[in-house]
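Me: I would like a close look at one part of this model. Please keep it brisk and go residue by residue.

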Amino acid sequence: RKFEGGDDELSLGEIRSLRINADGTRVSLLVNQRKVPAEWHGSSYTLRVPDARLFVYDLETDSFITYSVGTNRVPVAHSWDWKDPRLLAVEVMPQALAFSGEDEDVPESPYSPLTPSRHMGITPQANAH
């Protein structure tokens, strides 16, 4: 599903994952961006690339809060605490390792990348967009 924002209806990406917090007041979203590689100019094919941002909709303020997970990193998973509606965990990984197409035929590496987690406390006082 397409995710649009603002009065100008600009596309913010395609929703790939959505989670709701414990009391139903916040929704977190991970999105993909569609990119056309330069060498494919004129082609109708696009690549889905994970967006480096995490979006949180806050029902109480009726606004979106946008978080960047860091330079050259993308969020790959997110989960709200089942008890505390303010606690959100986000798993991030290096951007180069985030894309995984269904038809890839890449041998498995004996070295697994580190996948750190980030834990955030989400409050209405955070920067709303």
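Does Arg26 count as buried or exposed, and at what relative accessibility?

Reply: Arg26 counts as buried, because its relative accessibility is 4% and the cut-off for buried is under 20%. Keep in mind that this is a predicted model.

Start with the charge partner. Side chains of opposite charge can pair when their charged atoms come close. Arg26 forms a salt bridge with Glu60. The closest N and O atoms of the two are 4.0 Å apart. Glu60 has another setting: its relative accessible area is 54%, so Glu60 is exposed.

Now the positions in the chain. Arg26 lies in strand S3, which covers residues 26-35. Glu60 sits in the loop between S4 and S5. The two residues are 34 apart, and the pair links distant parts of the chain.

Asp58 joins Arg26 and Glu60 in a network of salt bridges.

The search of the whole structure finds 5. One of them joins Asp51 and Arg53, with closest N and O atoms 2.8 Å apart. Asp51 is buried, at 7% relative accessibility. Arg53 is partly exposed, at 28%. Another joins Asp84 and Arg86, at 3.1 Å between the closest N and O atoms. Asp84 is partly exposed, with a relative accessible area of 25%. Arg86 is partly exposed as well, with 46%.

Last, the rings. A pair of aromatic rings is described by the distance of the centres and the angle of the planes. The structure holds 1 aromatic pair. Tyr57 and Phe64 form it, 5.1 Å centre to centre. Their planes are 55° apart, and the pair is tilted. Phe64 is partly exposed, with a relative accessible area of 27%.

Back to the starting point.

Terms used: Residues are numbered from 1 along each chain as its sequence is written. This is a predicted model: local features need pLDDT of at least 70, side-chain atom pairs count only at pLDDT 80 or more; totals for chains, interfaces and linings use all residues. Side-chain values use heavy atoms; hydrogens and water are left out. A salt bridge is a side-chain nitrogen of Lys or Arg within 4 Å of a carboxyl oxygen of Asp or Glu. Helices (H or I, at least four residues) and strands (E, at least two) are DSSP runs, numbered from the N terminus. Buried means under 20% relative accessible area, exposed over 50%, partly exposed in between (1.4 Å probe, protein chains only). Rings of Phe, Tyr and Trp (its six-membered ring) pair if their centres lie within 6.5 Å; planes under 30 degrees apart count as stacked, over 60 as edge-to-face and the rest as tilted.
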